Amino acid sequence: MALAPKIAAGTSAPAVHMLRPTPIVDTELDWFFNRAECDMGVRSNFHAALSRHIARTDRERATPEDAAEASHAHRTIRGWLHAIPDADAGVLQAAYEQCAWPGSLVDELGRITGVVVRLACALDPWPADRSALRMLETARAHWLDSDLSTEQGAATLLHLRREAEARFAKAHRAYAVVRGDGPCLARST
């Protein structure tokens, strides 16, 4: 059971340990942004045609009920994300959506890599096309990665990291409060 962040009476800020992602929320958001569509989707008929010739695993024996449960979980999580401010939902999407960031940048920043990259893109003209945005983010990520070794680059990255950590903690907390203490809705893999 996830613990919703609680604030002591008389204070307006949560304790530091309450700013960390809870495992249930972390798992749930990772599933929502990266695997939910696969769990809800219709399997390819190519796979069904070959099923006689390949070994089946429990994962491949998804039933229509499994897809319905995944769809319900996805709809519920999406509702929770719509209930928080758009900026917070965008931060969570940037943090959890898997992208091909440079390895050393991911090693340095971990979960907040996407948030740092998005912040680094803030002064660039925002493209209307989603694929153009991906190209802009990828270019900015490689720029950040190449600047890691310079003193100015390290200072820039430190500034972006602090801002990203604050935004991620705020967004995660907002989601956890809206979500409450229920069980994890992410489908097990």
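Predicted model: local features only at pLDDT ≥ 70, side-chain atom pairs only at ≥ 80, totals over all residues.

Colleague: Where do R134 and E97 sit in the chain?

Modeller: R134 is in helix 8, while E97 is in the loop between helix 5 and helix 6. They are 37 residues apart, and the pair links distant parts of the chain.

Colleague: Is R134 buried or partly exposed? And what about E97, buried or exposed?

Modeller: R134 is partly exposed, because its relative accessibility is 26%. E97 has 17% relative accessibility, so E97 counts as buried. The cut-off for buried is under 20%.

Colleague: Ok, what about E163 and R167, how do their side chains meet?

Modeller: In a salt bridge, with 2.6 Å from N to O. E163 and R167 are four residues apart in helix 9, residues 151–179, so about one helical turn separates them.

Colleague: Why does a spacing of four places matter in a helix?

Modeller: An α-helix has 3.6 residues a turn, so residues three or four places apart point the same way.

Colleague: And how exposed are E163 and R167?

Modeller: E163 has a relative accessible area of 32%, so E163 is partly exposed. R167 is partly exposed as well, with 38%.

Colleague: Back to E97: which residues are joined with E97 into one network?

Modeller: R118, R134 and E137. Salt bridges that share partners join the four of them.

Colleague: How many salt bridges does the structure hold?

Modeller: Ten. One of them is between the side chains of D26 and R111, at 3.5 Å from N to O. D26 lies in helix 1, residues 23–34, and R111 is in the loop between helix 6 (103–109) and helix 7, so this pair ties together parts that are 85 residues apart in sequence.

Colleague: What's the relative accessibility of D26 and R111?

Modeller: D26 has a relative accessible area of 23%, which makes D26 partly exposed. R111 is at 33%, and that counts as partly exposed too.

Colleague: Switching topic: how many cavities of 30 Å³ or more are there?

Modeller: The count comes to one. The largest cavity has a volume of about 40 Å³.

Colleague: Which residues line the largest cavity?

Modeller: The lining is Q93, A94, E97, C99, W101, G114, R118, R134 and E137.

Colleague: Tell me about helix 5. Which of its residues are buried?

Modeller: D88, A89, V91, L92, A94, A95 and Y96. They pack against helix 1, helix 4 (64–83), helix 7 and helix 9. A94 also turns up in the lining of the largest cavity.

Colleague: And in helix 8, is R140 buried or exposed?

Modeller: R140, which lies in helix 8, counts as buried at 18% relative accessibility. Leaving out residues up to four places away in sequence, R140 touches V117, A120, C121 and D124. R140 and V117 are 23 residues apart in sequence, and their C-alpha atoms are 6.5 Å apart in space.

Colleague: What about E28, buried or exposed?

Modeller: E28 is buried, with a relative accessible area of 0%. E28 is in helix 1. Not counting residues up to four places away in sequence, E28 touches I77, W80, Y175, R179, P183, C184, L185 and A186.

Colleague: Let's zoom out. How many helices and strands does the protein chain have?

Modeller: Nine helices and zero strands. Along the sequence, the pattern reads α-α-α-α-α-α-α-α-α.

Colleague: What share of the residues count as buried?

Modeller: 34% of the 189 residues. The protein chain exposes about 11,400 Å², and carbon and sulfur atoms supply 58% of that.

Colleague: Last one: what share of the contacts join residues at least 24 apart?

Modeller: 74%, among contacts between residues at least 6 apart in sequence.

How values were computed:
Residues numbered from 1 in each chain as written. Heavy atoms only, no water. 1 Å grid on protein atoms, 1.4 Å probe; cavity = no way out; pocket = protein on both sides within 12 Å on 5 of 7 lines; lining within 4 Å. Points joined across faces, edges and corners; volume = space filled by probe spheres on them. Helix = DSSP H or I, 4+ residues; strand = E, 2+ residues; numbered from the N terminus. Buried < 20%, exposed > 50% of the residue type's maximum accessible area, 1.4 Å probe, protein only. Contact = heavy atoms within 4.5 Å. Areas by Shrake-Rupley, 256 points an atom, 1.4 Å probe, with all protein chains shown as cover. Salt bridge = Lys/Arg side-chain N within 4 Å of Asp/Glu carboxyl O.
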